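Here are my notes for you, point by point. Keep the model open while you read, and find each place as we reach it.

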Amino acid sequence: MNDIEEITFPEKVKYKYQVCAVIFGADKSVLNIKLKDDYSFILKSIYSKDDDLTELFQTDVSGLQRNYYSAIVDNDYKVICIEKIIEIELNPKTDQEFWDKANIDDLSSIDDQLRTIRLIKEGPIRCKSISFNLKPIEKVNCIIQPSSHYSLFQFSESYPTKSISTISCDNKDIDLINKAIENFDFPLQDQLLNSAHIFYDLSYHTELYISVSLLTTALEMLYLNNEQFKKEKLSKRCAVYIGGSNEEIIVLYKQLKEAYSLRSKFLHDGNIKHIRATTVIFLRDCVRKTLLKSISTKETKNNKIKRLKEFVKDNLNLFGE
């Protein structure tokens, strides 16, 4: 290295790396969730200069109101944010390498943790954009000062989402979510369960009638092989698998048949007038419970279907047969 380079570039500089996104579809109870990878949920006010939301998202207060008004969770105009702030020493000549890798890793981390929360608890928790900032936080005696980096990543899939529920967690939910965040990784290792989860998660980002199609398809993947009389077989098997008692099995069976009928009317006749938010939430609950139980038990699909078929055969009276 020549003398000019030594004067121009210090060997190490301390940087502040900050990632922040405003959260939609959740209430303050999620503040108790323990996130990983140095992230946490915190409250920030869209009016507070100390919270720096205008700087983080490079807009003014009017812009924050326009973009995040529906995310406000109290009368103080606070929003829930997912945030990470670390200090790190970097060589200014190679800070771009850190920046590129950190952006990719943190996008994946935020997305995976929000997916995990959505899998454990009903609600469209999501963010629409993520702010990335990397700034030197110490003055250096050199001709050229170290560069800052900024980017704003847009989650385009979140924009069309119409909230039909809000995540609200009790202590049991928080415990389950915290454990799942530590143990779950996406994509799920089991290919079938991962494919079903993709359909499940997509159901949060589209119209109700499409959500019903996605969720019933996920249930077909989980409970059926190439079989006829899908509605009956799927409804019975799913009800038995996730039902906790005979009474619950009967109720689930009837609700699943009705939901599947609504799906068929949409796919075959274009009829969507009877599809409601409650239908989507019910089907999502069925897929969620199936996925979580399947992940836990690690039972193969064929063994599961064989066992459920035997139960149905031995308990036809539950289904009015």
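1. Start with the lining of the largest pocket, to which helix H6 (191–202), helix H10 (277–297) and helix H11 (301–314) each give at least two residues. Helices (H or I, at least four residues) and strands (E, at least two) are DSSP runs, numbered from the N terminus. The model is predicted, so local features need pLDDT of at least 70 and side-chain atom pairs count only at pLDDT 80 or more, while totals for chains, interfaces and linings use all residues. Residues are numbered from 1 along each chain as its sequence is written, and side-chain values use heavy atoms, with hydrogens and water left out.

2. In this largest pocket there is about 410 Å³ of space, and 16 residues line it, with Gln189, Asp190, Leu193, Ile295 and Lys298 nearest its centre. On a 1 Å grid over the protein atoms alone, a pocket is an open set of points with protein on both sides within 12 Å along at least five of seven lines, a cavity is a set where a 1.4 Å probe fits but cannot get out, and lining residues have an atom within 4 Å of a point. Grid points are joined across faces, edges and corners, and a volume is the space filled by probe spheres set on the points. The lining divides into six nonpolar, four polar and six charged residues. Here Ala, Val, Leu, Ile, Met, Phe, Trp, Tyr, Cys and Pro are nonpolar, Asp, Glu, Lys and Arg are charged, and the others, Gly among them, are polar.

3. Look again at Lys298, in the loop between H10 and H11. Its phi is near 60°, a positive value in a residue other than glycine. Lys298 is exposed, with a relative accessible area of 72%; buried means under 20%, exposed over 50%, and partly exposed in between (1.4 Å probe, protein chains only).

4. Tyr77 also deserves a look: its phi is near 60°, positive although the residue is not glycine. Tyr77 sits in the loop between helix H3 (61–68) and strand S3 (78–90), and at 33% relative accessibility it counts as partly exposed. Most residues other than glycine have a negative phi, and most peptide bonds are trans. The bond from Phe186 to Pro187 is cis, with omega near 0°, and Pro187 belongs to the loop between H5 and H6.

5. What lines the second largest pocket? Ile120, Leu176, Lys179, Ala180, Asn183, Phe184 and Leu292 do, around about 170 Å³ of space. Helix H5 (residues 171–183) gives the largest share, four residues.

6. The largest cavity has a volume of about 60 Å³, and H4 supplies the largest share of its lining, four residues.

7. How do H7 and H8 pack? Helix H7 (residues 208–223) and helix H8 (residues 230–242) pack at an angle of about 75°, with axes 10 Å apart. That makes them roughly perpendicular (65 to 115 degrees; under 35 is roughly parallel, over 145 roughly antiparallel, the rest oblique). Axes are lines fitted to C-alpha atoms, for helices over the stretch in contact, and angles run from 0 to 180 degrees between N-to-C directions.

8. Leaving aside neighbours within four places in sequence, Lys236 is in contact (heavy atoms within 4.5 Å) with Tyr253, Val312, Phe319 and Glu321.
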